[in-house]
Amino acid sequence: MARSDRPGQAEERRRLGEHDHAVEDALVQEFENTVTEGANRLNRTWRALAVTGLFGGIDVGLGLLAMLAVMDATGSKLLGGLAFGVGLYALRLAHSELFTEEFLVPINAIVAGHGTWWQLLRLWSVTLVTNLAGGWAFTWVVVAAFPRFEDVLLKTTASYMEPGLTLETAALAVLAGFTITLVTRMSQGSSAGIATLANSLISGLLVVGLGMLHGALSSAVIFAAMHAGAETTYLEWLIWFAWVIPLNMIGGLLILTLPRLVRTWELVTAERESSREGGGDRDGAGTAPEGSRAGADGPAEPRAS
């Protein structure tokens, strides 16, 4: 791989760390983790994709229930957002999937030579549809069980739907996509349980507590309000959804994922060369177990849902 280093720079990096790449060791480990995890996600079966996506929507519904309980008791939107993080924590512990969590990890795997863009499209579309389906069904149960939360639901949904597409709401949607993608990257940087919990609570506090617009998370709130008798129609929700999702993608892909790829491009190049030479397998730290990636022997086994 071509380098522009002065003589001795690679040797010094190797002496001080584990790698001679012009990237910190922590970033090397994170990159290897995301490539391995991304390849696993891309090579799931249709059944595994559907189940993990459905449970992602259900976990979001659990977060909604926690948010409603706290907001009803305290009237604080920020505390409600923090409570929403319970659902995001459950989502990560259960290895469920949220649509915007797929803006970094699978793309790293693709550009590193361990997946295809068709696989990414399949992952995105199935995850998004099943997130919505799971959220719609579970929020119906929540509303049926706790009708006293209807006022909170109607007020929150009005704050999402009434403004329409403005500079402010567009920025809120961009920030939502960026925030969830950033927290996903943070989670890849640490496997500690306390870090996962902290990241989940941060996500809820920022995205829900500050009223950002997120295609899957906000839709769960809107669906619950519709179950509770809100005047919002499915057509109105669909129009709202049609501009929120692209803006979420801009926030996650352009503001975070693209610069991150530029930062670790040396690793991407080395991984692609290794993939071509080794038929898709990687050597060294972070190597996926046999069968966990697409290769000559067929698709990988799905991650447990």
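What share of the 305 residues in the protein chain is buried? Buried residues come to 50% of them, where buried means under 20% relative accessible area, exposed over 50%, and partly exposed in between (1.4 Å probe, protein chains only).

Before the points, a word on the basis. This is a predicted model, in which local features need pLDDT of at least 70 and side-chain atom pairs count only at pLDDT 80 or more, while totals for chains, interfaces and linings use all residues. Residues are numbered from 1 along each chain as its sequence is written, and side-chain values use heavy atoms, with hydrogens and water left out.

1. Overall make-up. The protein chain has 12 helices and 0 strands; helices (H or I, at least four residues) and strands (E, at least two) are DSSP runs, numbered from the N terminus. Of the contacts between residues at least 6 apart in sequence, 79% join residues at least 24 apart, a contact being heavy atoms within 4.5 Å. The chain exposes about 13,800 Å², with carbon and sulfur atoms supplying 64% of that; accessible areas come from the Shrake-Rupley method with a 1.4 Å probe, and for residues only the protein chains shown count as cover.

2. Helix α9. This one covers residues 193–208, 16 residues in total, and spans 22 Å from first C-alpha to last, close to the 22 Å expected at 1.5 Å a residue (the expected span is 1.5 Å times one less than the number of residues). Its buried residues are A195, T196, N199, S200, S203, G204, V207 and V208. I202, also in α9, is partly exposed at 34% relative accessible area.

3. A nonpolar surface patch. Helices α4 (77–93) and α9 each supply at least two of the patch residues.

4. F84, in helix α4. Here is a buried residue, with a relative accessible area of 1%. Beyond its neighbours within four places in sequence, F84 is in contact with V60, G63, L64, M67, V208 and L217. F84 and G209 are 125 residues apart in sequence, yet 8.5 Å apart in space, C-alpha to C-alpha.

5. Salt bridges. There are 5 of them, counted when a side-chain nitrogen of Lys or Arg is within 4 Å of a carboxyl oxygen of Asp or Glu. E37 and R41 form one at 3.2 Å, N to O; both sit in helix α2, 4 residues apart, about one turn of the helix. R41 is buried at 6% relative accessible area. R41 also bridges to E102, with the closest N and O atoms 3.0 Å apart. Since E102 lies in the loop between α4 and α5 (105–111) and R41 in helix α2, the pair ties together parts that are 61 residues apart in sequence. E102 is buried too, at 0% relative accessibility.

6. E101 pairs with R92, the closest N and O atoms being 3.3 Å apart. E101 counts as buried at 5%, and R92 is buried at 14%. Salt bridges that share partners join E37, R41, R44, E97 and E102 into one network.
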